[in-house]
Amino acid sequence: MARKSHVQTTINGETVEFLCESRQSLLEVLRDELYLTGAKEGCNNGNCGACSVILDGRLVNSCLVLGVETEGKSVETIEGLADPDKLHPIQDAFLENAALQCGICTPGFIMSAKALLDSNPNPTEHEIRYWLAGNLCRCTGYDKIVKAVMDAAKETSA
Amino acid sequence: MQDFSYVAAQTLSEAVALLDENGEKARILAGGTDLIVNVREGRRDVDLMIDVKSVPEVNVLDYDANTGLTLGAAVECYKIYAVDAICDAYPGLIDATKIIGGTAIQGRAGVGGNLCNASPAADCIPPLIVLNTTCVIAGPNGERELPVEQFCTAPGQTALENGEMLVSLKIPAPASNSSSFYLRFIPRNEMDIAVVGAGASVTLDDAKETIVSARIALAAVAPTPLFAEEASTLLAGREVSDAAIDDAAQAAQAIARPISDMRGTAEQRTHLVGVLTRRALNGAIQRIRD
């Protein structure tokens, strides 16, 4: 079996240590080693965005990051978004706007939307659509997702 | 995915020594948006990934209005278009950095990696060619420089010798009355690979009526991105006119040797070379005049 590396990183604000092979993606580490199964494997080649997480403040496809690359870095996943007793405003907005059906793309969309609102609290609809272009949804037709992000922006920047 | 080793190099000499010792199955890892996919899908056989994101020389992003831009090979797209002075100086390069993949890709992928991946359809390479970019390459015998139009040698293949890596790209300061433009044809609005891409840089005289010099480059119409030399030089000294731009577009079409594939036919691509060359030239000229 391939040699494993020891990695220490911060995930959703907590220091986490894990062992992984060099070939394991961050997505595989999150799901298979740390049991954080919110990030989803869709295409596994950077097209669908279902695995989106925030790495040192930047949105990335976790399928295109190696687990070993996250040594000393900070990762935000969907699991870290809600307070124990309260959903994040983006999550509320997705529910209010019925911005999901099957739900497999949702954690990726929400993390992508969070990265957008972190850097641009009042995006235009055009900016939202281009920012989310790397996240695919085959159920909603996107309009409800875009409306949800617009509502969340109003909520969080109010 | 196949098994491989991973090393995070801390210095340029360490990265070069590792490349030299491990032969052609060692690859430099920067953003990984092509490399990781290629290894996962069995298109690259790699047994060592050398992560260079901690090497200072590949992270340089330094623009000076007199000396130009030094762009480290691992600088991510989002960092480039965040600098207003770079956007003003090299709008054609910015056009490309903003359309490579989506937000998550632009957070990891860089211009240097786009070049080293050596796709015939790479969006960044035509702008680099028209901006007269020089590649700075480090290897076991020291550093050398190469004009970017000589860097790609075949699909996925580059002029890098065993043990060599791309360190940075040097782009001269833009001349006065000059600008650049890049565009591609895709059947969608975003998140796609060029059916054809065309870049142009133009320098006009002070009256902004006569072309002093121009450079045109094409993507996805040959095994490598192409510098359309004849199309470029025939514009020098010509007045800005539809006739001059049509002549350049025809000369660009003459060097295109596209294939037919799932993205488009050779005939469509040849037609597009004409359309996009005209638009790239007119786009650059419009930017000078604005």
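Helices (H or I, at least four residues) and strands (E, at least two) are DSSP runs, numbered from the N terminus. The model is predicted: local features need pLDDT of at least 70, side-chain atom pairs count only at pLDDT 80 or more, and totals for chains, interfaces and linings use all residues. Residues are numbered from 1 along each chain as its sequence is written, and chains are lettered from A in the order in which they are written.

B:Leu226 lies in strand E14 (residues 226–227) of chain B. B:Leu226 is buried, because 25 other C-beta atoms lie within 10 Å; the cut-off for buried is 20 or more such atoms, for exposed 12 or fewer, and for partly exposed in between, with C-beta atoms placed from the backbone. Leaving aside residues up to four places away in sequence, B:Leu226 touches B:Ala217, B:Leu218, B:Val221 and B:Ile255. Contact here requires C-beta atoms, placed from the backbone, within 7 Å. B:Gly274 is 48 residues from B:Leu226 in sequence, and their C-alpha atoms are 14 Å apart.

Helix H11 (residues 266–289) of chain B has 24 residues. Buried residues of H11(B) include B:Arg269, B:Leu272, B:Leu276 and B:Ala280. The buried residues of H11(B) pack against helices H5 (91–97), H9 (229–233) and H10 (242–255) and strands E11 (178–185), E12 (196–204) and E13 (211–219) of chain B.

Chain B is assigned domain 1 (5–51), domain 2 (56–171) and domain 3 (178–289). Such bounds come from an automatic or database domain assignment. The C-alpha centres of domains 2 and 3 of chain B are 20 Å apart. Their contact takes 23 residues from domain 2 of chain B and 28 residues from domain 3 of chain B. On the domain 2 side, H8(B) gives the most, with five residues. That side has 16 nonpolar, four polar and three charged residues. Nonpolar covers Ala, Val, Leu, Ile, Met, Phe, Trp, Tyr, Cys and Pro; charged covers Asp, Glu, Lys and Arg; the others, Gly among them, are polar.

Chain A is divided into domain 1 (4–80) and domain 2 (89–157). Their C-alpha centres lie 21 Å apart. In chain A, 12 residues of domain 1 contact 12 residues of domain 2.

Between the chains, 22 residues of chain B meet 23 residues of chain A. The chain B side has nine nonpolar, eight polar and five charged residues.

Notes
Contact = placed C-beta atoms within 7 Å. Expected span 1.5 Å × (residues − 1).
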